[in-house]
Amino acid sequence: MSLKSEHTKELHDLALQNSRIRRTKSVIAYAVLGLFVFASVGPIIYIISPAFRESKSLFSYPPQWLPNSFYLGNFKFLLSETNYIRWGINTFIFATGVTVIALIIDTLAGYAFARMEFPGKKIIFGLVLATLMVPTAALLAPTYLLVRNLDDWTFGLIGLDTYGGLIIPMTVSPLGVFMMRQFIETLPKGLFEAARIDGASEWRIFTRIVLPLMKPAVVVLGIFVFMMQWANFLWPLVITTKDETRVLTVGIATLQGQFVTNWGVIAAATLMTLAPITLVFLFFQRWFVQASMAGALKQ
Amino acid sequence: MAEVIIRKLTKSFGDNTVVKSVSLKVEDGEFLVLLGPSGCGKSTILRLIAGLEDVTSGEILINGEIVNFVSPVKRNAAFVFQNYALYPHMTVRKNVAFPLETARLPKDEINKAIDEAARILELQQLLDRLPSQLSGGQRQRVALARAIVRKPVVFLMDEPLSNLDAQLRQQTRIELMELHQRLGVTTIYVTHDQIEAMTMGKRIAILKDGELQQVDTPSETYDKPANTFVARFMGAPPMNLIQGRIEAGVRQFTFNGDGILVTLNSSQMGLTDEVLSLQLNAAVCLGVRPEHVRISTDLSVEGVSGKVKFLEPTGADLFVTVSIGIQNVVVRCPPKTPMQIGSTVTIAFDMTHTHIFGADGWNLRRSN
């Protein structure tokens, strides 16, 4: 065999070896990713089955992953025998209220911290960031007391078992302020200066220049806040005592009895609660990509 | 249109003083260029005039009125930014309309002003495009349109051509000058490009480390540089600066620069013997531009002999670097001049265009 063909064979073997290594690597990568997908999506898939089955058949052996019937009794029970619709409306008001107010506060504060000069700016921003270090649980009791005492001061607008009490304490988010400030800082300084030379006031610069340019970031923050508040459990649990003011998360928790729990109903309630938020996420998904790209692209 | 005066203008950022007591008068309708290397404070002066920075000390007057504490818009100065600073989410029309809408002008007036600006800058076809759909030159024209639409009394331009390629830069330079001729608005133009400064400015103000070095017409700054900095900064290749001392000769003073002996004819140099005598034995610089040095391969010609070190043909000229002892002198020759590296040549200086810079670096002609 000539030297040339021997060399070709060697190259061929090397290529084969490389492709095997690549294949092994991708199998491992997929296995790890698969594990993560299973851990995150598994529980959601798991609740689909019991939601469409009767409670008595839930604990059959072997466990049934796919329902063998299309039983809608759990949903019917939920809508007719519990306050589910009320909880849903409350959750929507709560999550939307927090999102709208938080976005207003975060974008305005972010603008001030990013582009305005005022005494103590660095210290105040440091304090805002410092509040990130305080665990939510530590704030629970003082916030509860504050809201309870505010009842008289605000003529019942902010208090226990009120929308005000539910919404207002959750609108303060240092992370949102930080995110908005960071985004505004990425906008070219020249734009603000050009607008100032053109005679625009700070309010006009904010509304006509900054807000339109930071739309992707605002949408992303809005979705984050909405999703977080839709799934918020702790604060609504603390601040609401009546069924009329409860939100979905707390309402579903009350479905669990001391001795008997109707898991089929709980699964149906969980499924119905997840549906709108999943739709919201899917609808706005492209904004996430835009927002994450925003800083990377030069004007 | 307006006259702009700055008096003892100083700007500090913390401990760092970037503009040091600069005084300058820009005549009504004048095109003044602020020229200097990066970090010399030229853009800061422009920003101070615009009101984008607060003055540390000194005064800025526009049309006789002190504007130190007047808001940018009330100064009625338009600013053209280096990176254009167009609003990326607005069309060209919206960009140009923005200052007028902010001033709450009636719609038909705004449309009229946009149409006029678009006609002057040939933007009619681009009015509905976004800035991202425009070329660099087109964006620059939109930035100019946004500036002129307000009918400002002063144009402040911060290196507006630096983002354009060489060809477009030259073309836009001509357009800017035409615009200035047409509108006659007082213009202060910042650049670090001396060609831009020489070709555009009626006068040039040269800055170094926040201090004004010279304010003069382009030809004066080139022919009679105030100091060694201006001498080196203006012109490519820069002026030859030869270190040496002034010595007393039999009848005249001589310059001795490590092997370069030059008899100084004070009257030819626009100096007096008194001025030269003050610099006797002091370390001075003799400055002469490459085009004012004669070169000859004939060694019998009177002058200083040296060796050809480099040849730099640029097409229009041939630059010959002659080494004399430790000194190098660049000479400009016609392009086809026969020269060889290593050959011995004689050089002589045209004394009417030769300068002596004193120990402090300033041209002795100025103290004359």
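A: Let's start at Ser21(B), which sits in strand β2 of chain B (helices, H or I over at least four residues, and strands, E over at least two, are DSSP runs numbered from the N terminus). Ser21(B) isn't a glycine, yet its phi is positive, about 45 degrees. For background, most residues other than glycine have a negative phi, and most peptide bonds are trans.

Before going on, some bookkeeping. This is a predicted model, in which local features need pLDDT of at least 70 and side-chain atom pairs count only at pLDDT 80 or more, while totals for chains, interfaces and linings use all residues. Residues are numbered from 1 along each chain as its sequence is written, and chains are lettered from A and ligands numbered from 1 in the order in which they are written.

Back to the strand that holds Ser21(B). β2 belongs to an open, antiparallel sheet of four strands in chain B, ordered β2-β1-β4-β5 (two strands pair if DSSP finds at least two bridges between them). β2 (16–26) and β5 (65–66) of chain B each have a single partner strand, which is why they stand at the edges with one side left without a neighbour in the sheet. Further in, β1 (residues 4–13) and β4 (residues 57–62) of chain B run antiparallel and share five bridges. Within that pairing, Ile6(B) has Ile60(B) in β4(B) as its bridge partner. Helix α1 (residues 42–50) of chain B packs on this sheet: the helix touches β1, β2 and β4 of chain B, and its direction makes about 115 degrees with that of β1(B). Here, a contact puts two C-beta atoms, placed from the backbone, within 7 Å of each other. Axes are lines fitted to C-alpha atoms, for helices over the stretch in contact, and angles between N-to-C directions run from 0 to 180 degrees.

Chain B has another open sheet, this one with six strands in the order β6-β7-β8-β3-β9-β10 and mixed pairing. Its edge strands are β6 (77–80) and β10 (211–216) of chain B, each pairing on one side only. Ignoring direction, neighbouring strands of this sheet are turned by 15 degrees against each other on average. One parallel pair is β7 (residues 154–158) with β8 (residues 186–191) of chain B, joined over five bridges. In that pair, Asp158(B) is bridged to Val190(B) in β8(B). Helix α4(B) packs on the sheet, touching β6 and β7 of chain B, with its direction at about 170 degrees to that of β6(B).

The axes of α2 (residues 92–102) and α4 (residues 136–148) of chain B come within 8 Å and cross at roughly 30 degrees. That angle is why α2(B) counts as roughly parallel to α4(B) (under 35 degrees is roughly parallel, over 145 roughly antiparallel, 65 to 115 roughly perpendicular, and the rest oblique). On the α2(B) side, Val92(B), Asn95(B), Val96(B), Phe98(B) and Pro99(B) meet Val142(B), Ala145(B) and Arg146(B) in α4(B). By class, this contact has six nonpolar, one polar and one charged residues. (Ala, Val, Leu, Ile, Met, Phe, Trp, Tyr, Cys and Pro count as nonpolar, Asp, Glu, Lys and Arg as charged, and the others, Gly among them, as polar.)

α2(B) also packs with α3 (residues 107–120) of chain B, at about 130 degrees and with the axes 10 Å apart. α2(B) and α3(B) are therefore oblique to each other, and their crossing is right-handed. Here Arg93(B), Val96(B), Ala97(B), Leu100(B) and Glu101(B) of α2(B) meet Ile110(B), Ala113(B), Ile114(B) and Ala117(B) of α3(B). That contact divides into seven nonpolar, no polar and two charged residues.

Pro237(B) is in the loop between α8 (228–233) and β11 (240–248) of chain B.

Finally, the neighbour. Chain A has 13 helices and zero strands, and its C-alpha atoms fill a box of roughly 100 × 70 × 30 Å along the principal axes. 15 residues of chain A are in contact with 16 residues of chain B. On chain A's side, α8 (189–197) and α9 (202–213) each supply at least two residues, and α8(A) gives the most, with six. That side of chain A divides into eight nonpolar, three polar and four charged residues.

Key:
Left-handed = near helix turned anticlockwise from the far one by under 90°.
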